[in-house]
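Subject: A structure for you to look at

Hello,

Here is the structure I promised to pass on. Please open it alongside this message, and then read on for what turned up in it.

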Amino acid sequence: MTDQSQQPDRNLALELVRATEAAAIRASAWVGRGQKNEADGAAVNAMRAFLHTVSFDGVVVIGEGEKDQAPMLFNGEHVGDGTGPQADIAVDPIDGTTQTAAGRPNAVSVIAVADRGSMLDASSVFYSDKIAAGPEAKGVLSLDLSVADNLKELARVKNKKIGDLTVVVLDRPRHAELIDEIRTAGAKTNLILDGDVVGGILAASPHSDADLLLGRGGSPEGVITAAALKALDGFFEGRLAPKDDTERQRAIDAGLGDKLDRILSIDDFVASDNTYFVGTGVTDGVLLKGVKGPREGYIRTHSIVLRSKSGTIRNIEAEHRASKWF
């Protein structure tokens, strides 16, 4: 970050987690109620309020909600108190609004931050093809390779059998052929209903049963995933996938013409090596526990904080006095 503050920038991540905690707590009141826009609106309002108390000068590069016509922290919005480091910020107050509405697992509130001017504004193209894995996949895997070849190479560098590999894939009709290719090659699939940010983190995490993320998901989420994987020293590639000529032209008008029809590296999504990722569980999942309570006067949250500069992974379990929230 640009050094404009006397406060060490390592404190920024611990400040940001207050915003994801707030969003998750407010969203938790809507878990299982079948109203995803109401849940998202509650999370957005809480996240925005807390972000404005953080000591940094942030500009939202990746906002939230446009695909679903939901409330959003809009692109170009300034957040923070205006002091301290200048930063790009990508937000998803709920990555997994459908899971939240249905009461299903793996909904999280997430924020990614990097140096000002380093994040790709991918909002003009809703979807990208993605591949993510741990550090051993660097220089080995590629979107240009077939599914079978990627699995063969990943098994080799991880010293595993292909049959022991698990691939995270969004459970969508568009992925029917991909899922069949993975299983035909001999690997297992972990089909997730939503939230491929979590899927990407799991694929790169040294403590996860997942080995690889494949498939087409949101381009904005790709930027958030890239920021998180920089902290995990992970591998990530993407390819923008305009759905039609209108969206392709919109991408060109947004200055992405040179990024269409080619593989984008993790540095294309986030150029800075000084990134932060914070996430707080809304519902229970494989990465984070969901919001619990109020019980015995307290609300409990579980968050993860990743910082690339220091290479740290922090798990934070917090208790919040319920009387301060309700």
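What share of the 326 residues in the protein chain is buried? The buried residues come to 55%. Before going further, please keep in mind that this is a predicted model.

**The chain as a whole**

The protein chain contains nine helices and 14 strands. Its C-alpha atoms fill a box of roughly 55 × 45 × 40 Å along the principal axes. For 326 residues, a compact globule would have a radius of gyration near 20 Å, and the protein chain agrees with that at 19 Å.

Contacts reach across the sequence too: of those with a separation of 6 or more, 70% are between residues 24 or more positions apart. The accessible surface of the protein chain is about 13,600 Å², and carbon and sulfur atoms account for 46% of that surface. As for charge, there are 37 positive and 47 negative side chains, with the centres of the two sets 5 Å apart.

In general, strands of a sheet pair through backbone hydrogen bonds, either parallel or antiparallel.

Strand β5 (residues 127-133) is mostly covered, with six of its seven residues buried. Which strands does β5 pair with? One is strand β8 (residues 212-218), joined to β5 by six bridges in an antiparallel arrangement. There, Y127 has G218 in β8 as its bridge partner. Another is strand β9 (residues 235-240), again antiparallel to β5 and with six bridges. In that pairing, D129 stands opposite R239 in β9.

Strand β8 also pairs with strand β6 (residues 166-170), in the parallel sense over two bridges. V167 is the residue opposite L212 in β8.

K160 counts as partly exposed because its relative accessibility is 35%. Leaving aside residues up to four places away in sequence, K160 touches A155, L165 and D211.

**A covered strand and a covered helix**

Strand β3 (residues 86-95) has nine of its ten residues buried, so it is largely enclosed by the rest of the structure. Five bridges connect β3 to strand β1 (residues 57-62), and these two run parallel. I62 has A90 in β3 as its bridge partner. With strand β4 (residues 108-115), β3 pairs in the antiparallel sense over seven bridges. Here D92 stands opposite V110 in β4.

Helix α6 (residues 196-204) is mostly covered as well, as nine of its nine residues are buried. Among them are D196, G199, I201 and A204.

Do have a look at R314, in strand β14 (residues 312-321). R314 and L14 are 300 residues apart in sequence, and their C-alpha atoms are 9.8 Å apart in space. R314 touches S303, I304 and V305, again not counting residues up to four places away in sequence. Its relative accessibility is 40%, so R314 counts as partly exposed.

**Backbone details**

Most residues other than glycine have a negative phi, and most peptide bonds are trans.

- A cis peptide bond, with omega about 5°, joins G293 and P294. P294 belongs to strand β12 (residues 292-295).
- N106, which is not a glycine, has a positive phi near 80°. N106 sits in the loop between α3 (97-102) and β4.
- E296 is not a glycine either, and its phi is positive at about 50°. The loop between β12 and β13 (298-307) holds E296.

Are N106 and E296 buried or exposed? N106 is buried, because its relative accessible area is 16%. E296 is exposed, because its relative accessible area is 76%.

Happy browsing, and do write back with any questions.

Best wishes

Key
Residues numbered from 1 in each chain as written. Heavy atoms only, no water. Helix = DSSP H or I, 4+ residues; strand = E, 2+ residues; numbered from the N terminus. Rg over C-alpha atoms; globule rule 2.2 N^0.38 Å. Buried < 20%, exposed > 50% of the residue type's maximum accessible area, 1.4 Å probe, protein only. Contact = heavy atoms within 4.5 Å. Areas by Shrake-Rupley, 256 points an atom, 1.4 Å probe, with all protein chains shown as cover. Lys, Arg positive; Asp, Glu negative; His and termini not counted. Charge placed at Lys NZ, Arg CZ, Asp CG, Glu CD. Pairing = 2+ DSSP bridges.
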